[in-house]
Amino acid sequence: MNELLKFLEIGEILTEVAVALGPLLLFFGLFQVFFLRLPAAYIVNLVKGVCMAFVGLVLFLQGVKVGFLPAGTEMGVLLGASENKWILVPIGFAFGFVATIAEPAVRILGFEVEKATSGFIRARVILITLASGVAVFVAMGMFRTVYGVPIHYFVIPGYLIILGMLRFTNPTFVSIAFDAGGVATGPMTVTFVMALSVGVATILGNRSPILDGFGLIALVAMAPILSLMSLGLLYSWRKRKRA
Amino acid sequence: MLSGLKHSLIEAFQAVTPITAVVIILQVSLVSLPTVTFLRFLIGAFLVMLGLLFFLHGVKIGLLPMGELIGEELPKRGSLWFILLIAFVLGFVVTVAEPDVRVLAHQVDVVSEGNIGRGLLILTVALGVGVFVCMAMLRIVLGTPIAYLFAVGYLLVLLLSAFTHPNFVPIAFDAGGVTTGPVTVPFILALGIGTTSVLGGKSPASDGFGLVGLASIGPVLGVMLLGMIYR
């Protein structure tokens, strides 16, 4: 029962979110006083939204930290101890996909892209492409953890391919792709997928969990860049075919 | 407002159901987590869903309009220096406030055996983000193709990774992810869209994105530079 009461220990997350939100509010406050001078009713609505976002993020992060993190680590340990280590690769794929789907900032990016392109690029398309990319790279990350392949073998060729693709991809997709790289490394993916990977690395022994855990985020950050630039190539190819 | 809330509810439900389903399937087939851990996961999933509902709705009616309002205001002052100054300060301050940056600072402290203190790391990373957000705004105003900035940025990253201390390479690559938390991302996204919506000859669709991506190069370069000093 005591284990379940851990959800009530909310102080740390509360401070974290408040500290992250604080400077932005201060910034907006200064803009409001000196430049914007919006009517009070409008400001009240904005503040309502910020309060909702605050409460929401605290609940979300607390759920991830107290509920998901121990489950992820424990599953990593159990799976790492099982006989068929290869099973970690498809499981990594599945977790990469579903964790990205649950990532808050990914949703916001999709929403903004759909809005800014007036519906030309749908939020759902962004979401699925991004999640598929992360899935493939988390699977690769698991492969790397199980068989001990150095991270450079993935990251350096990956970025070289990205540099090559930059030449051919439509600039809108380039921007969205790199934004997505930053967005995919959110609290859900980092905490849950990282916990899984650290759990596996711990049980496999003879490797440092810290250094093995590092690099997974780099892979997760790279995945959406590659997958969304590929989507961009697909869009321009379809457009050319139609023209 | 109500229909927006309903939309966020559907979104939150769709977001959390898959991950919950995968864990439940694994629980009954391959791994059996201790009952307490599994129960904690289920309660966590409920909190995550509730949290997402509030967060998504709150961001849409609060943080996004705020970022857009500031973005729209910036070009109206008629001074490039003003835009660049605000961009730098915003990037810097937001990074210092980001909780993940402190986790990173701790890791670097450990790997460098205390030679690179937490203050120095946070300062370097925040400067990195500030400079890159500033450059991102400059490129929007000047109309420089964004591919150039990414190409130069990542070529520098690859180059520095050959010269920096090997232990710093994975940390540096991970550092790119830490400055883009769920509070910062919506705000910076909206800032770019707001700015491009009022600048003549720019459109939010083709010029508004990329700030978050550019902002994540700064810390990678910053940590690698620190690794070179450490070496």
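Chain B follows the pattern α-α-α-α-α-α-α-α-α-α-α along its sequence, with 11 helices and 0 strands. The model is predicted. The C-alpha trace of chain B spans about 60 × 50 × 30 Å along its principal axes.

**Burial and contacts in chain B**
- Chain B comprises 231 residues, of which 55% count as buried.
- Among contacts in chain B with a separation of 6 or more, 83% are between residues 24 or more positions apart.

**The largest nonpolar core**
- The largest nonpolar core contains 160 residues.
- The residues with the most contacts inside this core are A:Val134 and A:Val220 from chain A, together with B:Leu52, B:Phe132, B:Val133 and B:Val223 from chain B.
- Helix 2 of chain B (residues 35–76) contributes the largest share of this core, 17 residues.
- The core lies between domain 1 (1–61) and domain 2 (77–230) of chain B, because both domains give residues to it.
- Setting aside residues up to four places away in sequence, B:Val133 touches B:Ala87, B:Phe88, B:Leu90, B:Gly91, B:Leu211 and B:Ala215.

- A:Tyr159 is located in helix 6 of chain A, which covers residues 152–166.
- A:Tyr159 has 20 other C-beta atoms within 10 Å and is therefore buried, the cut-off being 20 or more.
- With residues up to four places away in sequence left out, A:Tyr159 touches A:Met222 in chain A, as well as B:Tyr154 and B:Leu158 in chain B.
- A:Tyr159 and A:Leu226 are separated by 67 residues in sequence, while their C-alpha atoms are 8.9 Å apart in space.

Technical notes: Residues are numbered from 1 along each chain as its sequence is written. Chains are lettered from A and ligands numbered from 1 in the order in which they are written. This is a predicted model: local features need pLDDT of at least 70, side-chain atom pairs count only at pLDDT 80 or more; totals for chains, interfaces and linings use all residues. Helices (H or I, at least four residues) and strands (E, at least two) are DSSP runs, numbered from the N terminus. A residue is buried if 20 or more other C-beta atoms lie within 10 Å of its own, exposed if 12 or fewer, and partly exposed in between; C-beta atoms are placed from the backbone. Two residues are in contact if their C-beta atoms, placed from the backbone, lie within 7 Å. A nonpolar core is a set of buried Ala, Val, Leu, Ile, Met, Phe, Trp, Tyr and Cys residues joined through C-beta atoms within 7 Å. Domain bounds come from an automatic or database domain assignment.
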